Every structure is written in C-alpha cells, then in structure tokens.
Amino acid sequence: MVRHLEREAISFNGHPPFDEVVNAFKDQSIRSPGNDKSIASFNTALLELLGSDSEAAAFLADHYHARAISPTHFVNLTFRAVQFIQLYVEQGEDHLAYRYFDASDHWTGRLKRVFGDHKETLSDILRNKDTVTTIYQRYAGPRAIIGRLFSENGGLRIADLGCGANHGLRGIDLEEPFDPIMDETDSKSFSQSLSLPISIEDALAVDSENFENPDANAWYVACSFYPKELDKVKNVRELESRLRRSRRVRFMQSDLLEAGLPEPFHGYFDAVILSTVLYQHTQINQQRIKEEAARIAKKGGVVVMQDFAEKDSSFDSGIRFTEAWFNGFRYRTFLMRPEDPGEVLEVLKWSDGRCTHVRPGEDYSKVF
Ligand SMILES: C[S@@+](CC[C@H](N)C(=O)[O-])C[C@H]1O[C@@H](n2cnc3c(N)ncnc32)[C@H](O)[C@@H]1O
C-alpha cells in the first residue's frame, strides 16, 4: 500500500484544498450519484457533522491530505466506506435500513457510530482503498464495436485492462445477455451489431486487484451499487457463479503502471478494452496505460476506451475527462487504432455509466 500512496503522491501536482471536498459533498447532497436519495441525505448529514464536530472535520481533512486524491474521488470513497460499514460491519436487524433513508436526520445515529465505534475501519478505507466498480452492462459498447469490426474474423484475441471483477470478457465469452438498452442509433444499428456473432480464441483480463479474494470482493460490492440498487447484489452473485464456467478468459493480477505485460502479448490482441479505468488516473498515467494498450494490440487491431470523457482536440490525448458522472450522456465509448494513436473516434454516448441508453457519438458512422 505504501507503493500505492507513493504513486498517488507523485501523480498529483498541486492538491486542491479541503474546501473543494466540502464543495463536492455539497454538490452530491443536491445531485447525488444515480439521484440516490440515501446518498444525497448522507451527504447533507455529513456536511452538518462537519459544521458541528471539529474532530470529525479534522479526521476527514487529515485523511484527504494524506492521500492526495481528487476531491470527487475522496467524496465517493467516503460514502462507499460508510456503505461498506453498513453492509459488513454494522450488526443488527436494521443495518440495511439506510437504503431507504431520505432525510439527513435518518443518518444521525449511523454517523455517530461510523465516527465512533467504526472509526478504525473508516480510517483504514480512506487511507488505503480506491473506489472500484464492476458493471457488466458497460461491456455492451465494446462488445457491439467488436461485433461490428470483427464478426467476420475467426479466433479473436481480446484483452480487458482494469477488468475489475472480470465480468466483461467472461460474460461476452458465454454470451451472457445485457439488460435492455434504449437505442437511438439509426436503424438500431448499435443493437444489430451487439447481436453479431464473434468467436473468441483467447482473452486476457488484467487488474491490480484480484476480486476472487473475499475482502476485495466485499469492497467491490460496497462500491458497485447505489443503496437503491442493493436488490441487484443477488443477481450479480448469480451472474458470477455462471461466469465461472468461462474457460477462455485468463486473469492476470498486475499493476499496469508498474510492469508492462510480458513480451508475448505485444502486438497480440485484436481488441483491447479500457473500461472506466482511465478517469481514476492523472494525465501522465492515463497516457502510460493507453500506450500499454496500444503496445499489446496487433496491427489492424483496436483499443476501445470508455469513460467519463469527451472528444477534445485541444488535449494531446484527444479526449478530456469530465468527472461528470451523473448528468446527461457524458459517459462515452472511444476507438483508437494503434497505427494512428493521434486520431480518437468518439463512437457512442451513454446516458450514464449504467449504460442502458445509447446515442451515436460524433464519429459513429466511421465505425457502424
Ligand atoms: C472503476 S473499475 C472498472 C471495472 C470494469 N472495467 C468496469 O468497467 O466495470 C476500475 C478498475 O481498474 C483497476 N485499475 C486501476 N488502475 C489500475 C492499474 N494501474 N493497473 C491495473 N488495474 C488498475 C482497478 O483496480 C479497478 O478494478
């Protein structure tokens, strides 16, 4: 973990003041992720606590300064830490009642316990964890693009870098269906491509964490669901048990910023997916991860990037990260060809990171 902290400290030049964290808490008390009322009321309650309890305020500020992570990341991390405590540490019949909270006073008793009995757990998470979600539905975009470009080719090789709990490639391999998608593309060409057959010869999923490990798995559950979505945990557990049947997807635990993938993988893959991994990184590290993706793609292959970002030619990378997690169509799917890394195509726009509503991006017709 020291290694991780060093990486963050080096990565961030100029750490925004704690006031910006407070502003982000305010923002999320009004516009909460997924419009979730429990998260909105949590953020209001936390702001009230920061105003009335100088010890709690100092505790959060100290943890924020120790990490040198972005204010938004810290704010998301704080709610997820509290959700982890509700799910796995709090005991008693009503430990899941927070799902239905919609007023700040509902949180008062919980927050007292979080900053009291559970302070050590909170501190451990705020010091050591990053937010990690895994959403199979996000792989609909990359799957449709791969179907469109490579359906005629046999024996595809695909990599997923920053795969989280490795649902994407295993689900695609087993033809696990996606949830319904509202498709605004011409003649529903997106949905047609999604159903074009592909044949996988070899697939590699890479992440710095192994989510088969029970602790890492518990943390990813705490991160992946809004309180109002917790009913879906059961479905995801069932999905995970089906995914264990996949035999063509290898998993490699590796930090993409520490060691490149071994030489046999250079120029090996038809498609390399980077789904919702770059936004967590600074520009320099985004570039390093993209270069690694381009290195392992073969000639004629593609890198499919998907993130909270928009096309912007004034940036060297061709895209600008927006951190606009919740509002309209800022979660997008991009395509890059390793032979021409300067040209980034914006292929798809999604209503949000849950990927149930798609529109064509400005370069849609260059791919579909
Ligand atoms: C937000 S999750 C996205 C998971 C999945 N791709 C999805 O879209 O649902 C980002 C994942 O990237 C992984 N990650 C971030 N930086 C990484 C790095 N330097 N090397 C390997 N994995 C990394 C994290 O561990 C996490 O599992």
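This note sets out points on model confidence, the ligand site and the cysteines.

1. The structure is a predicted model, in which local features need pLDDT of at least 70 and side-chain atom pairs count only at pLDDT 80 or more, while totals for chains, interfaces and linings use all residues. Residues are numbered from 1 along each chain as its sequence is written, and side-chain values use heavy atoms, with hydrogens and water left out.

2. The protein has a mean pLDDT (the predictor's confidence in each residue, from 0 to 100) of 91, and 95% of its residues reach 70 or more. Over residues 1-13 the pLDDT is below 50, and this stretch has 21 contacts (heavy atoms within 4.5 Å) in the model beyond near neighbours in sequence.

3. The ligand is surrounded by 22 residues (a heavy atom within 4 Å), and the closest are Tyr139, Gly162, Asp207, Leu256 and Ser275.

4. From His281, a polar side-chain atom lies 2.9 Å from a nitrogen atom of the ligand. Of the 600 Å² of accessible area (Shrake-Rupley method, 1.4 Å probe) that the ligand has on its own, the protein covers 97%.

5. There are zero disulfides (pairs of cysteine sulfur atoms within 2.5 Å) in the structure. The sulfur of Cys163 is too far for a bond, because the closest cysteine sulfur, in Cys223, is 15 Å away. Likewise, the sulfur of Cys355 is 17 Å from its closest cysteine sulfur, in Cys163, and is therefore too far for a bond.

Conventions. A polar contact is a pair of N or O atoms within 3.5 Å; within protein, one must be able to donate a hydrogen and the other to accept it, and residues adjacent in sequence count only if both atoms are side-chain atoms.
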